[in-house]
Amino acid sequence: GDDKGFSPNSLTLAKGKRVVLVFQNIGSVEHHLHALGMPVHGISWYSPPQAGSPVPSDINTLRSAQFLPYHICDSESGICPSGLDVHLHARAGDWLGITFIPSTAGTFSMTCPLHPYMKGTIVVK
């Protein structure tokens, strides 16, 4: 995400298949990525070792990373649960990874509640 929107602004996921999603904020202010109403299970998250750490260039590095159980929202973690929904937030220049399994097919909105013009779609097939 940046200060204009999500890129890409459309994601297609497979129902029942584990997803590793990285939300990188390359904008100048904090941004959120919500996929509200998208039922998922098996959620865990990965936070970089320190603020400003680069996203690993090899996805296999993330796939083998130590993901931690989902937990209560706080400003230090940058990740917030809202029931079964995916909800991430990252300060400018930061990123987070999350892994989950989409459990229901459908089309779901991807939004940033701080910036209503930031919209996208997640399709689970």
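Once its neighbours within four places in sequence are left aside, Asn25 is in contact (heavy atoms within 4.5 Å) with Gly1, Glu30, His31, Ala90, Arg91, Ala92, Gly93 and Asp94. The structure is a predicted model, in which local features need a pLDDT of at least 70 and side-chain atom pairs count only at pLDDT 80 or more, while totals for chains, interfaces and linings use all residues. Residues are numbered from 1 along each chain as its sequence is written, and side-chain values use heavy atoms, with hydrogens and water left out.

**Confidence**

- The average pLDDT of the chain (the predictor's confidence in each residue, from 0 to 100) is 80, and 74% of the residues score at least 70.
- Residues 71–79 have a pLDDT below 50, yet this stretch has 27 contacts in the model beyond near neighbours in sequence.
- Where pLDDT is low, predicted coordinates should not be read in detail.

**Overall make-up**

- The chain has 125 residues, and 43% of them count as buried; buried means under 20% relative accessible area, exposed over 50%, and partly exposed in between, with a 1.4 Å probe and protein chains only.
- Among contacts between residues at least 6 apart in sequence, 73% join residues at least 24 apart.

**Asn25 and His31**

- Asn25 sits in the loop between strand 2 and strand 3 (31–35).
- Asn25 counts as buried because its relative accessibility is 1%.
- Asp94 is 69 residues from Asn25 along the chain, but the two C-alpha atoms are separated by 5.7 Å.
- His31 belongs to strand 3, and its relative accessible area is 0%, so His31 is buried.
- Apart from neighbours within four places in sequence, the contacts of His31 are Asp2, Asp3, Phe23, Asn25, Leu88, His89, Ala90, Cys112, His115 and Met118.
- One of these partners, His115, lies 84 residues from His31 in sequence and 7.7 Å away in space, C-alpha to C-alpha.

- In strand 7 (residues 95–102), eight of the eight residues are buried.
- Both of its faces are covered: one side carries Trp95, Gly97, Thr99 and Ile101, and the other carries Leu96, Ile98, Phe100 and Pro102.
- In a regular strand, side chains alternate between the two faces of the sheet.
- Strand 2 pairs with strand 7 in the antiparallel sense over six bridges; two strands pair if DSSP finds at least two bridges between them.
- Within strand 7, Phe100 is the bridge partner of Val19 and Trp95 is that of Gln24.
- Val19, Leu21 and Phe23 form the covered face of strand 2, whereas Val20, Val22 and Gln24 form the uncovered one.
- Strand 4 (residues 40–46) also pairs with strand 7, in the antiparallel sense, over five bridges.
- Thr99 in strand 7 stands opposite Ser44.

**Strand 1 and the segment before it**

- Leu11 and Leu13 make up the covered face of strand 1 (residues 10–13), and Ser10 and Thr12 the uncovered one.
- Strand 1 pairs with strand 9 (residues 119–124) in the parallel sense, over four bridges.
- Leu11 has Ile122 as its bridge partner in strand 9.
- Pro8 is in the segment before strand 1, and the peptide bond that joins Ser7 to Pro8 is cis, with omega near 0°.

**Largest pocket**

- The largest pocket holds about 230 Å³ of space.
- A pocket, on a 1 Å grid over the protein atoms alone, is an open set of points with protein on both sides within 12 Å along at least five of seven lines, and its lining residues have an atom within 4 Å of a point.
- Its lining has 14 residues, and those nearest its centre are Gly1, Ser7, Pro8, Val22 and Phe23.
- Strand 2 (residues 19–24) supplies the largest share of this lining, four residues.
- By type, the lining has nine nonpolar residues, four polar and one charged; Ala, Val, Leu, Ile, Met, Phe, Trp, Tyr, Cys and Pro count as nonpolar, Asp, Glu, Lys and Arg as charged, and the others, Gly among them, as polar.

Note on methods:
Helices (H or I, at least four residues) and strands (E, at least two) are DSSP runs, numbered from the N terminus. On a 1 Å grid over the protein atoms alone, a cavity is a set of points where a 1.4 Å probe fits but cannot get out, and a pocket is an open set with protein on both sides within 12 Å along at least five of seven lines; lining residues have an atom within 4 Å of a point. Grid points are joined across faces, edges and corners, and a volume is the space filled by probe spheres set on the points.
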